[in-house]
Structure formats: C-alpha cells, structure tokens
Amino acid sequence: AGIGLTAPAEPGQVDTALASIREHLRRGELPGALAEVTTLADDQQALLAGWLAQMRARVAVEQSLQEVILALLSGRARQG
C-alpha cells in the first residue's frame, strides 16, 4: 500500500561520481572524467585500472599533439 509514496533515495557518492564521469565522457572531456575518477575510493579505482591507464595515455597524447600544433602555429605566425 505504501509503494511509491516515499521519495527515491538520494544517490550515493559513487553514483554521483559515476554520473559525473559519464557526463564528462559524453562531452569528450577526458581530463575531467579522469579527475572525477580520483574522487572514488582506492578499491573502486583499482577496478578501473585498465581504463585509467588507457585514458591517461590518450590524454597525454592529445596534450602532446596540442603542444605541437600550437608550436607550429606560433612558428608560422612569426614567419608570416
């Protein structure tokens, strides 16, 4: 008889972090997703170890590419 009369439970810290991670990933914001993962407990982060390694590597590559592109563009600006 009491079904549906109470408010749903508030999401826990893990649920909130996972929702934020999903949102960052949906937007293509890998650094933000990685930052959110660090809010999880160490044992939860251990479950994501493979994913974390891949994402950190991808972010490092993207940052390196951005630096190279900026260096090329600034070199062109000086030459032009």
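Which residues in α1 meet which residues in α2? Select Ala 17, Ser 20, Ile 21, His 24 and Leu 25 in α1, and then Leu 30, Gly 32, Ala 33, Glu 36 and Val 37 in α2: these two sets meet each other, contact meaning heavy atoms within 4.5 Å. By class, six nonpolar, three polar and one charged residues form the contact of α1 with α2. Here Ala, Val, Leu, Ile, Met, Phe, Trp, Tyr, Cys and Pro count as nonpolar, Asp, Glu, Lys and Arg as charged, and the others, Gly among them, as polar.

This is a predicted model, in which local features need pLDDT of at least 70 and side-chain atom pairs count only at pLDDT 80 or more, while totals for chains, interfaces and linings use all residues. Residues are numbered from 1 along each chain as its sequence is written, and side-chain values use heavy atoms, with hydrogens and water left out.

**The whole chain**

Colour the model by secondary structure: the protein has four helices and zero strands. These are DSSP runs numbered from the N terminus (helices, H or I, at least four residues; strands, E, at least two). Next, display the surface, of which the protein exposes about 6,300 Å², with carbon and sulfur atoms supplying 59%; the area comes from the Shrake-Rupley method with a 1.4 Å probe. Buried residues make up 18% of the 80 residues, where buried means under 20% relative accessible area, exposed over 50%, and partly exposed in between (1.4 Å probe, protein chains only).

**Helices α1 and α2**

Select residues 13-26 for α1 and residues 30-37 for α2; the two helices pack at an angle of about 170 degrees, with axes 8 Å apart. That angle makes α1 roughly antiparallel to α2, a term for angles over 145 degrees. Axes are lines fitted to C-alpha atoms over the stretch in contact, and angles run from 0 to 180 degrees between N-to-C directions.

Within α1, select Glu 23, which is partly exposed at a relative accessible area of 29%. A distance drawn from the C-alpha atom of Glu 23 to that of Ala 33, 10 residues apart along the chain, gives 8.1 Å.

**From the loop to α3**

Move to Thr 38 in the loop between α2 and α3. Thr 38 is partly exposed, with a relative accessible area of 47%. Its C-alpha atom and that of Ala 17, 21 residues apart along the chain, are separated by 9.4 Å.

Finish at Gln 45, found in helix α3 (residues 42-47). Is Gln 45 buried or exposed? Gln 45 is buried, with a relative accessible area of 17%. Leaving aside neighbours within four places in sequence, show Val 37, Thr 38, Leu 40 and Leu 52, with which Gln 45 is in contact.

Key: Angles under 35 degrees count as roughly parallel, over 145 as roughly antiparallel, 65 to 115 as roughly perpendicular and the rest as oblique.
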